[in-house]
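Please look over the sequence and the model before reading on.

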Amino acid sequence: MSRLIVISNRVSAPQGSQSGAQGGLAVALSAALREHRGLWFGWSGEVTDQFSGHINFQRAHGVTTATMDLEEQDVDEYYNGYANRTLWPLFHYRIDLAEYERGFAGGYQRVNERFADTVRPLLEPDDIVWIQDYHLLPLGDELRKRRCINRIGFFLHIPWPPRRLLSTLPEAVDLVTTMFAYDVVGFHTEEWLESFRDFVVHEMGAVCDGDHIRFGDRTIRAIACPIGIDAEEFAALACTPRARLTYRRMRDSSVGRDLIVGVDRLDYSKGLEERFLGYERFLNEHPEERKEVFLLQIAPPSRGSVDTYKKIRTTLEGLAGRINGAFADLDWVPIRYVNQGYARDELAGVYRAARIGLVTPLRDGMNLVAKEYVAAQDPEDPGVLILSRFAGASAQLPEALLVNPYSPEEIADAIVTALRMPRAERIDRWRSMMDNVQREDVVWWRRRFTDTLMEIDQPEDAGSTAAA
Ligand code: GDG
């Protein structure tokens with residue numbers, strides 16, 4: 001069996017599945033690497049004075065990780081700059097927040113070259129290489145320039161923006177051209193894939209034939225391949241002692257009230273402000289329901305050194321304060337807004353205790369919280385998922401109550417519908433969603449991607465797309 005080499009911006013040391021604040025993607029990739037005796041390469045998260053390309057190898061929980069440090073300027077321009085101030089907002093349709101700075105673009109390119117220089121000597125001819133996400137779009141091309149003939153795949157975890165939006169990025173065509181160095185490019189949904197095709201066909205003159213796309217002398221396969229979770233593991237997590245304890249804590253502290261839960265990294269794409277406004281609308285329009293519910297919003301901070309992230313934190317604190325100030329009573333607070341992370345088993349307990357999972361991103365590649373909420377439910381008495389129609393997950397979970405996250409009315413109405421939904425309907429909807437979450441789980445996702453990659457004939461030689 002070929003080794004699997006995963007390359008992503010950050011590498012998180014694999015942990016036992018129940019502990020720590022490891023994200024869904026980290027858990028998914030660790031599982032794939034265990035199966036393929038592979039290697040996970042990326043930035044350590046540490047800063048060094050002078051980039052040296054030194055690699056730190058570690059082995060934990062059956063996974064080997066290889067990490068390198070970056071310089072402070074790299075982090076500013078590549079990570080905080082181009083990745084999180086240019087591409088992240090642009091790819092989430094927020095051109096109003098996207099910053100187009102040449103210095104960012106240069107730093108992004110330099111760091112991708114550093115990734116290529118450092119990881120290249122680790123690659124053996126038969127390895128399959130799987131590059132993750134928007135931080136590393138040109139990495140495949142840099143590897144080809146270093147005469148890497150391996151099969152290389154790329155998976156994008158965030159949406160692909162519509163053509164007219166992407167065209168606002170000055171170097172869009174050059175950047176997308178580098179993606180033709182890959183053999184397989186994957187997206188979560190048909191919608192993101194369609195936008196990608198639209199761009200390469202209409203802006204670059206590429207030609208599509210089924211899922212093959214030809215540009216110059218390169219042909220890639222572009223597929224929709226929605227990520228899943230480890231559904232069985234997550235369902236089991238919801239029944240562990242710590243999850244039960246958390247469940248009990250939530251039930252005891254809610255004194256008979258229905259819990260509505262939101263769990264999101266503190267990020268403007270997650271629609272937290274709009275969610276609070278929708279909940280406020282619900283409280284305003286339904287005084288009779290007021291003390292019957294409360295909203296628990298768990299929002300661990302992320303990317304704290306980027307200004308827009310500092311701003312959203314201030315906005316949400318103000319909004320939560322305003323809503324609590326207007327509606328709270330001696331024995332009731334409508335919003336519990338928590339800025340810290342919890343262990344996965346605790347989260348599972350919280351999800352299970354919640355009558356409603358409120359997942360309303362303005363735009364989201366997939367959204368794993370929606371799937372985790374479904375997996376954690378009690379089959380006999382499941383809660384209701386309210387899900388944004390603009391999350392990739394909505395394509396697989398149409399039985400959720402789908403809402404437009406920009407509309408406070410739709411959020412308010414969906415909360416009422418969910419609270420009044422009879423148990424039989426809750427069970428029916430949950431069963432259909434759970435079937436999908438179990439069937440198209442994380443193993444299904446990674447097999448679908450790596451199987452597609454392994455179907456590609458390894459070329460005798462593969463030049464850089466710079467020559468295309
Ligand atoms: C990107 C894309 C795509 C959150 N709070 C805690 C915690 N989490 C975990 C959740 C979930 C993960 O983080 C978040 O995953 P999402 O999918 O919701 O969102 P992003 O972080 O934006 O991920 C997204 C994903 O990549 C995968 O392709 O779905 O669209 O944006 O697993 O549970 N985990 C713990 N404590 C917390 O407080 N332990």
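The notes below cover the ligand site, the cavities and the aromatic pairs.

This is a predicted model. The ligand is surrounded by 24 residues. A search of the whole structure finds three cavities of 30 Å³ or more. It also finds 22 aromatic pairs.

**Ligand site**

- Among the 24 residues around the ligand, the closest are H157, Y342, D364, L368 and E372.
- The protein buries 91% of the 730 Å² that the ligand exposes when taken alone.
- The backbone takes part too, with a polar backbone atom of M366 lying 2.8 Å from a ligand oxygen atom.
- R265 uses its side chain: one of its polar atoms sits 2.9 Å from an oxygen atom of the ligand.
- Two helices, α12 (344–353) and α13 (368–375), each give at least two residues to the shell around the ligand.
- By class, that shell holds 12 nonpolar, seven polar and five charged residues.

**Second largest cavity**

- The volume of the second largest cavity is about 50 Å³.
- Its lining includes G383, V384 and L385, along with E399, A400 and L401.
- M421, R426, R429, W430 and M433 also line this cavity.
- β15 (384–388) and α15 (423–439) each supply at least two of the lining residues.
- α15 gives the largest share, four residues.
- Seven lining residues are nonpolar, one is polar and three are charged.

**Aromatic pairs**

- How many aromatic pairs does a search of the whole structure find? The count is 22.
- One of them joins F155 and W445, whose ring centres are 5.3 Å apart.
- The planes of these two rings stand at 85 degrees, so the pair counts as edge-to-face; the cut-off for that class is over 60 degrees.
- F155 belongs to strand β6 (residues 151–155), while W445 belongs to helix α16 (residues 442–454).
- The pair therefore ties together parts that are 290 residues apart in sequence.

Technical notes: Residues numbered from 1 in each chain as written. Predicted model: local features only at pLDDT ≥ 70, side-chain atom pairs only at ≥ 80, totals over all residues. Heavy atoms only, no water. 1 Å grid on protein atoms, 1.4 Å probe; cavity = no way out; pocket = protein on both sides within 12 Å on 5 of 7 lines; lining within 4 Å. Points joined across faces, edges and corners; volume = space filled by probe spheres on them. Nonpolar A, V, L, I, M, F, W, Y, C, P; charged D, E, K, R; others polar. Near = heavy atom within 4 Å. Polar contact = N/O pair within 3.5 Å; in protein donor to acceptor, adjacent residues only side chain to side chain. Areas by Shrake-Rupley, 256 points an atom, 1.4 Å probe, with all protein chains shown as cover. Phe/Tyr/Trp six-rings, centres within 6.5 Å; stacked < 30°, edge-to-face > 60°.
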